[in-house]
Amino acid sequence: MPRAGLTKARVVEEAGRMADEEGLPRLTLAALAGRLGVRQPSLYKHVDGVSALQRSIAVQAKNELGGVLGRAAIGRSRGDAIMSLALAYRAWALLHPGRYSAMQRAPAAKDADDEDASRAIVQVILDVLAGFDLQDDDAIDAARALRSALHGFVTLESGGGFGLPADVDRSFDRLVRGLVRAFSGWAEEPAVSRNLT
């Protein structure tokens, strides 16, 4: 019988906190059980192992970040929406490094919950980019560029990769403003040849 008060939601939430505090690679069922004050076999009543636990953390994180980004973009358009979304993304990722790490994987085939959570984040970004009249492949390219830029920045920042004395906030601001300028003329840019030789 499961311990009173121990639910799957509580297990996943505590696992997310542990991942944020100690790093996702250090998340083990034994360590989590110790944190929750239960024996490790008790966790199997709520999760099917570390992989399933990480998947649950990822889905929860995607849902949370999707909500954060949606709230950041509401009532804003174009550059203001991009800046607000980018600041919210950075703040959330830096506050939740373990959860952020867990969500950096594509959903498994036929995992409807994970697919829905991933799609919700992408939809917020596409809705913001629609303010630049970007559609279809142009919008997808721009969404990938925005995600890549934000992910690269927060990954370097959280990993201590910015050692030069210039202000990191200023660098982030200039990165996002550069993206806004790029998106303003994105649809008119000609395609670049794939021939790199």
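**Close-up views of a helical model**

View 1. Gln54 is found in helix H4, where helices (H or I, at least four residues) are DSSP runs numbered from the N terminus. This is a predicted model: local features need pLDDT of at least 70, side-chain atom pairs count only at pLDDT 80 or more, and totals for chains, interfaces and linings use all residues. Residues are numbered from 1 along each chain as its sequence is written, and side-chain values use heavy atoms, with hydrogens and water left out. With a relative accessible area of 25%, Gln54 is partly exposed; here buried means under 20% relative accessible area, exposed over 50%, and partly exposed in between (1.4 Å probe, protein chains only). Not counting residues up to four places away in sequence, Gln54 touches Leu24 and Ala102, contact being heavy atoms within 4.5 Å. Pro41 is 13 residues from Gln54 in sequence, and their C-alphas sit 17 Å apart in space. Ser56 is in helix H4 too, but it is buried, at 9% relative accessible area. Leave aside its neighbours within four places in sequence, and Ser56 is in contact with Lys8 and Val12.

**View 2. Helix H1 against helix H2.** H1 (residues 8-22) and H2 (residues 29-36) have axes that come within 10 Å and cross at roughly 110°. Those axes are lines fitted to C-alpha atoms, for helices over the stretch in contact, with angles running from 0 to 180 degrees between N-to-C directions. That makes H1 roughly perpendicular to H2 (angles under 35 degrees count as roughly parallel, over 145 as roughly antiparallel, 65 to 115 as roughly perpendicular and the rest as oblique). On the H1 side, look for Arg10, Val11, Glu14, Ala15, Arg17, Met18, Glu21 and Glu22, which meet Ala31, Leu32, Arg35 and Leu36 in H2. The contact of H1 with H2 splits into six nonpolar, no polar and six charged residues; Ala, Val, Leu, Ile, Met, Phe, Trp, Tyr, Cys and Pro count as nonpolar, Asp, Glu, Lys and Arg as charged, and the others, Gly among them, as polar.

View 3. H5 has 18 residues and reaches 26 Å from its first C-alpha to its last, close to the 26 Å expected at 1.5 Å a residue (1.5 Å times one less than the number of residues). Its buried residues include Ile82, Leu85, Tyr89 and Trp92, and the cover over the buried residues of H5 includes H4, H6, H7, H8 and H9. The axes of H5 (residues 78-95) and H9 (residues 168-184) come within 10 Å and cross at roughly 140°, so H5 and H9 are oblique to each other. Among the residues making the contact are Ile82, Met83 and Leu87 of H5 and Phe172, Val176 and Val180 of H9. By class, that contact has nine nonpolar, two polar and five charged residues.

**View 4. Helix H8 alongside helix H9.** H8 and H9 pack at about 175°, with their axes 11 Å apart, and are therefore roughly antiparallel to each other. Leu146, Leu150 and Phe153 of H8 and Phe172, Leu175 and Leu179 of H9 are among the residues in contact. The class count for H8 with H9 is 11 nonpolar, one polar and one charged.

View 5. Most residues other than glycine have a negative phi. Arg78, in helix H5, has a positive phi of about 45° and is partly exposed at 35% relative accessibility. Lys110, in the loop between H6 and H7, has a positive phi of about 65° and is exposed, with a relative accessible area of 82%.

Technical notes:
Helices (H or I, at least four residues) and strands (E, at least two) are DSSP runs, numbered from the N terminus.
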